[in-house]
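Good morning, and thank you for coming.

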Amino acid sequence: MSDERLPRIAFIGFGEAAEAFAKGWGRDLSAGLHAYDEKCDDAQARALPAGRAEATGVTLAADRAGALRDAGAVFCLVTADRAVLAAEQAAPHLAPGALWLDGNSCSPGAKRRAAGIVETAGGRYVDVAIMAPVYPRLHRTPLLIAGPHAGQALAMLEALGMTAQVSGAEVGQASAIKMIRSVMIKGMEALTAECLLAARRAGIEDRVLGSLQASNPDIDWPRQAAYNLERMMVHGRRRAAEMREVAATLSELGLPNGLANATADWQQRIGDLGLPAGTDSYPERADAILGRFAGQDRDQDSSAAVRQS
């Protein structure tokens with residue numbers, strides 16, 4: 001894809017989402033893109049963004065200034081807990097009028113704070129919510145966008161072949177939809193873990209699954225369980241950060257957020273195990289998680305025994 005009308009594009013954060021967008025656009029466009037990822041500041045961590053850049057043809061810059069120089073549009077795709085900091089760190093290097101497309105999974109309040117930083121620096125902030133996994137749809141993954149500059153952003157995104165819809169003229173109107181939706185989506189993942197890991201450890205999973213199937217026959221429960229566990233195993237840490245932003249969203253609305261916080265805890269626990277997804281099998285994934293939990297229990301018992309001796 002090549003379009004001379006497009007501005008120079010940069011990425012702040014070059015993780016899975018940025019790589020997927022660049023792959024979808026193709027090397028004709030990606031070869032002219034620049035990115036900065038703070039992992040590049042660490043010799044060992046650099047390998048991951050460097051591999052992604054090599055696979056897409058994107059140029060990794062040595063610093064934020066190099067990535068943002070003359071960029072008319074910037075996709076900010078970092079972790080949810082670093083979105084406001086990313087805006088602060090990039091603001092001094094933004095070109096006047098640059099579109100700052102904040103695709104991070106943050107609360108509306110965090111998005112508004114980031115917007116204030118970008119707008120004060122002379123940029124144009126756009127609230128972006130990525131509404132589905134970026135694979136397999138890549139750059140065509142559905143997006144919601146919001147804010148006073150959403151119209152200009154929509155024209156650019158459409159020129160890039162992306163799928164976007166304006167959800168409002170105020171910053172936060174896109175992120176609110178994603179945050180509140182995640183109460184259900186990520187919450188169901190956590191419920192799957194708590195229910196079916198307990199059922200397997202207790203030796204009654206067949207009866208529990210049978211009861212769930214009878215109550216909700218439209219769901220293939222073993223298949224859904226395998227998928228939900230895979231999401232947590234592979235993306236649990238990132239989902240935990242998002243769920244902490246969901247909890248903040250609920251607080252901003254004056255509502256209790258106990259379920260969101262509990263979901264963040266489950267996502268973090270399973271993500272921290274660092275397990276590969278393995279085969280598409282609920283029993284195998286459940287056993288891998290339970291086995292690691294059992295190992296942690298033994299380690300804690302051993303540590304306690306050492307302290308007492």
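Predicted model: local features only at pLDDT ≥ 70, side-chain atom pairs only at ≥ 80, totals over all residues.

Ala146 stands opposite Gly168, a residue of strand S8. The strand names, like the helix names, follow DSSP runs numbered from the N terminus: H or I of at least four residues for helices, E of at least two for strands. Strand S7, residues 143-146, is joined to S8 by four bridges, and these two strands run parallel. Two strands are said to pair if DSSP finds at least two bridges between them. In general, strands of a sheet pair through backbone hydrogen bonds, either parallel or antiparallel.

Residues are numbered from 1 along each chain as its sequence is written, and side-chain values use heavy atoms, with hydrogens and water left out.

Let us now take the whole sheet. Eight strands form an open sheet with mixed pairing, in the order S3-S2-S1-S4-S5-S6-S7-S8. At its edges lie strand S3 (59-60) and strand S8 (164-168), each of which pairs on one side only.

I turn next to the salt bridges. Side chains of opposite charge can pair when their charged atoms come close. A salt bridge here is a side-chain nitrogen of Lys or Arg within 4 Å of a carboxyl oxygen of Asp or Glu. The structure holds 14 salt bridges.

One of them joins Glu189 to Arg239, with the closest N and O atoms 2.7 Å apart. This pair links distant parts of the chain, 50 residues apart: Glu189 belongs to helix H8 (residues 173-202) and Arg239 to helix H10 (residues 221-252). Are these two residues buried or exposed? Both Glu189 and Arg239 are buried, a term that means under 20% relative accessible area, whereas exposed means over 50% and partly exposed lies in between (1.4 Å probe, protein chains only).

Asp287 lies in helix H12 (residues 282-308) and Arg200 in helix H8, 87 residues apart. Asp287 counts as partly exposed because its relative accessibility is 38%. Arg200, at 23%, also counts as partly exposed.

Finally, Arg231 and Glu230 form a salt bridge at 2.9 Å, N to O, and both residues are buried.
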